[in-house]
Number of protein chains: 2
Amino acid sequence: MTKLRYLAGCLLAFPLGALAAPALPASTAPAAPLTSYVDPMIGSINDGNVTVGPARPFGMIRPGPDYSRVANSGYVAAPEAPLYGFSQLHVSGTGGGAKYGNISVMPFSGPIEAIGHTALREREHAELGYYGVTLKGSGIHAELTAASKAAQYRFRFPRGAPMALELDAGRLLNQGTVPLQAEAQYLVGSEIEVVSATEVRGHSRARGGWNNGGPYTVYFYARFDQPIRAVRTWKSGKLDARARRQSDTGEDTGALLGFGAARGRPLQMKIAISFLSSAHARENLDAEAPGWRFDAMLGATRAAWNALLSRVELGAGATGAQRRMFYTGLYHSMLMPSDRTGENPLWHSGEPYYDDFYAIWDTYRSSHPLIMLIDPAREAAIVRALIDIQRHEGFLPDARSGNANGRTQGGSNADVIIADAYVKGLEGIDYEQALAAMLADADVVPGGNEEKEGRGGLADYNTLGYVSSRYVRAGTRTVEYSLDDFAIATVARGLGHTALAQRFARQAGNWKHLWRAVEDHGARGFIMPRRADGSWIDEIACSVPGAATRAYAPHDVDIGTCVCWWCGFLYEGSSWEYSLAVPHDVAGLIDAAGGPGPFRRRLDTFFDGGFYNVGNEPSFLTPNLYHWLGRPDLSSARVRAIVQRHYHDGPDGIPGNDDSGAMSSWLVFRMLGLYPNAGQPVYLITSPLVGESTLHLQQGSALHIVARGFGAGAPYIGAARLNGKPLARAWITHQELEGGGLLELDMVAAASGWGAGAPPPSMSP
Amino acid sequence: MTKLRYLAGCLLAFPLGALAAPALPASTAPAAPLTSYVDPMIGSINDGNVTVGPARPFGMIRPGPDYSRVANSGYVAAPEAPLYGFSQLHVSGTGGGAKYGNISVMPFSGPIEAIGHTALREREHAELGYYGVTLKGSGIHAELTAASKAAQYRFRFPRGAPMALELDAGRLLNQGTVPLQAEAQYLVGSEIEVVSATEVRGHSRARGGWNNGGPYTVYFYARFDQPIRAVRTWKSGKLDARARRQSDTGEDTGALLGFGAARGRPLQMKIAISFLSSAHARENLDAEAPGWRFDAMLGATRAAWNALLSRVELGAGATGAQRRMFYTGLYHSMLMPSDRTGENPLWHSGEPYYDDFYAIWDTYRSSHPLIMLIDPAREAAIVRALIDIQRHEGFLPDARSGNANGRTQGGSNADVIIADAYVKGLEGIDYEQALAAMLADADVVPGGNEEKEGRGGLADYNTLGYVSSRYVRAGTRTVEYSLDDFAIATVARGLGHTALAQRFARQAGNWKHLWRAVEDHGARGFIMPRRADGSWIDEIACSVPGAATRAYAPHDVDIGTCVCWWCGFLYEGSSWEYSLAVPHDVAGLIDAAGGPGPFRRRLDTFFDGGFYNVGNEPSFLTPNLYHWLGRPDLSSARVRAIVQRHYHDGPDGIPGNDDSGAMSSWLVFRMLGLYPNAGQPVYLITSPLVGESTLHLQQGSALHIVARGFGAGAPYIGAARLNGKPLARAWITHQELEGGGLLELDMVAAASGWGAGAPPPSMSP
């Protein structure tokens, strides 16, 4: 209802029911299950950093091989990288200092006399829900699969070989070597206990990692299908032949377990985790892995994924490579955040609990809008979890992992997730409470915790209208807070809080306060650093030896070259990028940049002149800015070129960190030919990269997208019809999408002028 | 060394070695052990809120009876208050919302069919290390004693009675009834498991309480000396006849344990806690309670206390009442903070770990200076723990409990503890690191977390020189930050950081920026509210219905009457109190108040006119301010009158919350006739309340204080000699005290003019 009120302001009512339903082609069941198109190795190299191990959608456990002690995903492709073991928690696609890597199990063959077994790979194979590898030397074949909170392992030893496992509760990825190293993980304590001949329990408690978070504890309970015949435990690296238990005294602990000689059947292990206790991990194990049916767990995992993947069908014309790119993209988009409902050690409430928002700065643009389409109930649960975090801890997270907020990269972008849910009518959320959570972002100064949560530089922003040079990342912050304020205004207006809505609509124009009339490479007007007294700054602080300051130009990327990471004027980007990152007010941006002509030239220079960074989220929407110039054909051309150049179905098929699926979800939307402008109920249309697709929606409706005449010779949209009615604009609303039906796009060889009128919405400042 | 440099500025070198050592009287061993003078019931009523259960010095476990579900200590004297059980953690002397009360055990006689057994008292008895009570109806006699991490219980049932225990892992003191209630405790989860016929383990995880802290987990491991014959566990109040384990799913859990009919010997239970795991609790149990020797644990506890109490001997002339007041005061002063070294679940470091600073605002003035005298190694460990907390969490605590900083009452008073350690030459502390920790207080804005830690209103303070009316508690904060800055200046100067020292010495005068020339009851000049633009405010915000603002006068106590607790201009006090609370600059205060004459009249009005609040820490030093007027005799008269009127050796013998020993340590110093000015190496001398005392000091030296002619007819000091040499000033230095020897005070009937010259130090502004 409130959503309809919002929509009424920007489009005409569309009496869908009055239309004769066009004939839809019968849904073609794909020959292979969709899960077979998911290749967990896509994005595993070239800094994609995806986890290659098995996982359920939004699963709590994410086991996988660790071929490195520092890599974010634990995975390294280089054959000379030794396997250290399989640990139970990983994040996917992240950069910076690694997190997790807790509770490692390493099979080896031989006496249980020493710690630190490693092995090289002979061959490995990953598919959805499954990872297998054969170890050089020992010939052990290890396989793993995962449910939501439990994983199962199968270790095949050569007949007669002594079967042994090294179970390490004290190892973490990226362990710090000196105290209080930023982004390093530190062990706080660990525990291991051989409870019976077939059971081991314990925990790993750690702090730090990329988000510099406080302590989190991963409890585990493991069972074996064959009795443990010999045990040595250790603490602080010192082996103990007698103790079956090493209690937590703040040190590393582990156990070497001997199972006797292999007699032809594999040694199996199943393990569950919990964030509450090892007794609860035991219950998770009983619930998710009652027997020893490796294939049953794998099958259930495939089924869980298939239910999600089948929400989108690609037409018969899609190639295998396209299907692999597309469904792997969908898969990557739904690995995180981690559903930890019922596993919150911080407070007890009836709300869902999610962790590993890593980071919302990456995912608010395309990941969350995609989850909203594929699984709206999931998105509602995630939003409720965000609100519950704010209620109990004071701030919405921008990044959160290990049960701790930590690292606001740019803005308080959870605001945009909430607004996106609101304008798309997502049900089950208390939006008044949501608005209260957003207002904490907007009004509560995080002070010394500004890297952890909230809006750094807020005191400036709320008095000067911009973040001055007194604060780091002042440019990013100002630009993004403007968008976040647009999100707040949107929700406030919808809920009838007029004065609030006016305040935040006004603040949504704050990016203009850093807009300076400087020229660079033919473009005029850029987001530039400014002092609190209003004067502009031509230089930025520099910590490079020999230079206290350095001239700053819009094309400069200051991080890493002049100042520390996180200390620059703009976060991970140049002013060329951020000066185009005003998705809520593109019309205002075009004005500020000198009008349509200069803006068109600026966009061309951006893409052709090397200023576009495919791996950087602030530029996710930029290829679409041609839409606001009435030239969606140019948007299509840019998108197509970007995908063709940077994405494919190989291990290096993702250009840079996947960022918990941000890059992957971007690709999914681009292949469909729709792209969301998060926080607005709008999808921008560009030429699809597949000829036909069907989105099965929550309500039972489906949107069938057909690109008539699809092919290399017809890259442009010449005309469009929605349910048979001509569609002159190059965008559709969420309401139209949800209504389902047929979106027909007539593909043509040359730009046709279609979509020249009715640009996508822009706020009126 | 650096300490000597500091001292050189304020006093002459005192060549102790050159003196002939005066003959010291032989130390008289008291007839009874000193522990027998400790009465845990002193302060148990009249809001004293001390815990009456057994405890080791700075012990981690503090078991005790809970006669209330909300009382801070769990204890209520009213005979109609039922016993709910004995829980394992309490804090002593605190106010506000209660904390802890975890893991409750309640004996009862009968079938194990229902939860929630209670019983009235028949008779109870508490002594140091021991609490015993007989229950009405069942006739069960329960006794408890405690070591540091373990407690032991003895339950005597009438012969033939069915012996049963209710072990509740889900109950807490002051549990919230609606979500997110300030100061209420909330259960996050709990777990219980009957591990064997004689063992139960589990945990209690909670958050909230007075300091609104995040979650903490208390793990336990319990053993019984007789086998459990019947078990019923429960979860969420629902009994389960089969399960011997209720794992943590975020709910309350517990167990009813039946032990069969009593056969004449008591049922014994021993229980240890840990903050790391129940396996570690088990090790704590094995370490501290290897057998079933209740009396051995009690004896060791008595011995541990006796070692501390015997650091101060009172002369033979002291009465039993005086000894009870004195040694109970010493006892109360060393219950907290809690030594949790080796039990830190937040990070692993080589540093000591202490919790339950509750609050430093209460204890920095007299508790810490007393611990420093009695057990300097302990104080050094505490200071190191504070610094380690700051290193890992960003801020020194003002209050901390349940492993979480929370509630800065007034200033960042840990700064004063550090300065006090520094100027008294406390060894084993990295003072450069300590200074860095203090500078975080002084320079890092806590923002939205300003109630949790750091200095609220710091942005104002560091620009305007005072905290303006934009912030709550602006008066308290400004006055206390001035003192804290004096502490920082002291350490910075000593370490040779001249510019820093100058900055903070300047800031130490910031209290003057709120000094307004208003008159009240004949005094002129008070700490008054001021706007950021420099203008003064005559009214304060008022949330009482029908009044938006209210006139504000120096004699008003605004809390609770007009605005919310924590929201007033001054924290728990009037401007009359805070306008005398500038302990680092009393000379400057006398000037500001119009000179010695008006200041003398002001002090008299303060005490005689009802403005003095004996239970309020900001006025702890105020009776001594006559010292700076050259009238230590008036200080003596005030102190004597206060003690006589407000303190005695009964259950209501402490006037208000003991505040983890703050009131008690004040009394101890007052009885000795010495009072510290925390942060300065100085003790102010007033007439002792006992004729003779001996302080045994760390170095093996002893200071023997003899009041010659002590008695009711000779309340004043006529002359003083330190080691035979006349002492004209009414104060001694820490160095003099540490040097030991004989301090002779000649007591006389009338004020003599002694001490009129050489007032105690005051900073030069």
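Two residues are in contact if their C-beta atoms, placed from the backbone, lie within 7 Å. Keep that in mind as we walk through this predicted model, in which local features need pLDDT of at least 70, side-chain atom pairs count only at pLDDT 80 or more, and totals for chains, interfaces and linings use all residues. Residues are numbered from 1 along each chain as its sequence is written, while chains are lettered from A and ligands numbered from 1 in the order in which they are written.

Let's begin with chain A. It has 18 helices and 33 strands; helices (H or I, at least four residues) and strands (E, at least two) are DSSP runs, numbered from the N terminus. The radius of gyration of chain A, 26 Å, is close to the 27 Å that the globule rule gives for 765 residues, so the chain is as compact as a globular protein of that length. Here the radius is taken over C-alpha atoms, and the rule is 2.2 Å times the number of residues to the power 0.38. Along its principal axes, the C-alpha trace of chain A spans about 80 × 65 × 45 Å.

How much of chain A is buried? Buried residues make up 61% of its 765 residues, where buried means that 20 or more other C-beta atoms, placed from the backbone, lie within 10 Å of a residue's own. Helix α17 (residues 662-672) of chain A shows this well: 11 of its 11 residues are buried, among them A:W666, A:F669 and A:R670. Just after α17(A), A:G673 takes a positive phi of about 90°.

A nonpolar core is a set of buried Ala, Val, Leu, Ile, Met, Phe, Trp, Tyr and Cys residues joined through C-beta atoms within 7 Å. In the largest one, with 189 residues, B:F220, B:I418 and B:V491 touch the most other members. Domain 1 (1-31 + 323-340 + 621-765) and domain 2 (41-306) of chain B both give residues to this core, so it lies between them; these bounds come from an automatic or database domain assignment. Leaving aside neighbours within four places in sequence, B:V491 is in contact with residues including B:I418, B:Y422 and B:M438. A second, separate core of 188 residues includes A:L128 and A:L743.

Terms used:
A residue is buried if 20 or more other C-beta atoms lie within 10 Å of its own, exposed if 12 or fewer, and partly exposed in between; C-beta atoms are placed from the backbone.
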